[in-house]
Amino acid sequence: MDIRIFDSSRELAFFAADIFAELIRKKPDCVLGLATGATPLETYARLITLYEEGGLDFSQVRTFNLDEYLGLPVTDPNSYRYFMDSNFFSKVNIAPENTHVPDGNAADAEQMCSEYDRSIQASGGIDLQLLGIGRNAHIAFNEPGSDFSAGTHTVRLTESTIEANRIYFTESEMPRFAVTMGIGSIMKAKKILLLAVGDKKAQAVRDTVKGPVTPEVPASVLQNHPDCLILCDKAAASLL
Ligand code: GLP
């Protein structure tokens, strides 16, 4: 795994967006794995600017998001489908039918999970997977103790994740369950780009990069990926 450290989250986001832009120009129908959370917002904003300036065409791009809360209507501003539509998809020329977010309201969640993995495979697989990282080093919603070989599945969120994300749920109740791509699905991506910003991520980054590969530190599995790049700002890299 390679690591790059930036003076600011803005520089980090510009660098990350350039990696996406280069791939989209080289392979216009590429398959992107996308993430939610505060961290990737600046990267999405930069990609939107590149699109508005005429330098990027999303018309053939296909996307698969990592995760979604269970039982939250897509009209709830906290749902990840809403997040992606409002912060990114509605602002570029991506075809709505080419965007995929796990359905947190499927009648049969298990069937939905296996169909999600099947459609990723049918698309040819993810070319570039964007990841954030939780304070406990979770990736997507794969919490400590997760099975490294799992595909898309439902999970119970840990108290630490519920606490970290509670700020977003000012009015509605924070869900306790979610659906997430598994670590097995994530590791199949051809290239992985993990973004970490802020001192709250410093310990998770250290454990991921310097610690042993263990399910207790879900992101540590990335040490085994052949093409993983971690971008940190100085604060997130402060314990390296
Ligand atoms: C949530 C998401 C993760 C994300 C993490 C960190 O738990 N499921 O995919 O990486 O939060 O979010 P933030 O970037 O807001 O710190």
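In which helix does S119 lie? In this predicted model, where local features need pLDDT of at least 70, side-chain atom pairs count only at pLDDT 80 or more, and totals for chains, interfaces and linings use all residues, S119 lies in helix α4 (residues 109–122). Residues are numbered from 1 along each chain as its sequence is written, and side-chain values use heavy atoms, with hydrogens and water left out. Helices (H or I, at least four residues) and strands (E, at least two) are DSSP runs numbered from the N terminus. S119 counts as partly exposed because its relative accessibility is 28%, given that buried means under 20% relative accessible area, exposed over 50%, and partly exposed in between (1.4 Å probe, protein chains only). Although S119 and F64 are 55 residues apart along the chain, their C-alpha atoms are separated by 9.2 Å.

An open sheet of seven strands was found, in the order β1-β10-β9-β6-β2-β3-β5 and with parallel pairing, two strands being taken to pair if DSSP finds at least two bridges between them. Strands β1 (2–6) and β5 (99–100) stand at the edges, each with a single partner strand, so one side of each is left without a neighbour in the sheet. Strand β9 (residues 191–196) is mostly covered, five of its six residues being buried. It is joined to strand β6 (residues 128–131) by four bridges, the two strands running parallel; here I192 is the bridge partner of Q129, and L194 in β9 stands opposite L131. Strand β10 (residues 228–233) also runs parallel to β9, to which it is joined by five bridges, with C232 of β10 standing opposite A196.

When residues up to four places away in sequence are not counted, L193 touches A16, I19, F20, L128, Q129, L130, L131, L229 and L231, contact meaning heavy atoms within 4.5 Å.

F177 is found in strand β8 (residues 177–180), and it is classed as partly exposed because its relative accessible area is 38%.

Several polar contacts, that is, pairs of N or O atoms within 3.5 Å, involve side chains: an N or O atom in the side chain of T39 is 2.4 Å from an oxygen atom of the ligand, a polar side-chain atom of D67 lies 2.8 Å from a ligand nitrogen atom, and a polar side-chain atom of N165 lies 3.5 Å from a ligand oxygen atom. Taken alone, the ligand exposes 390 Å², of which the protein buries 91%, accessible areas coming from the Shrake-Rupley method with a 1.4 Å probe.

Note on methods:
A polar contact is a pair of N or O atoms within 3.5 Å; within protein, one must be able to donate a hydrogen and the other to accept it, and residues adjacent in sequence count only if both atoms are side-chain atoms.
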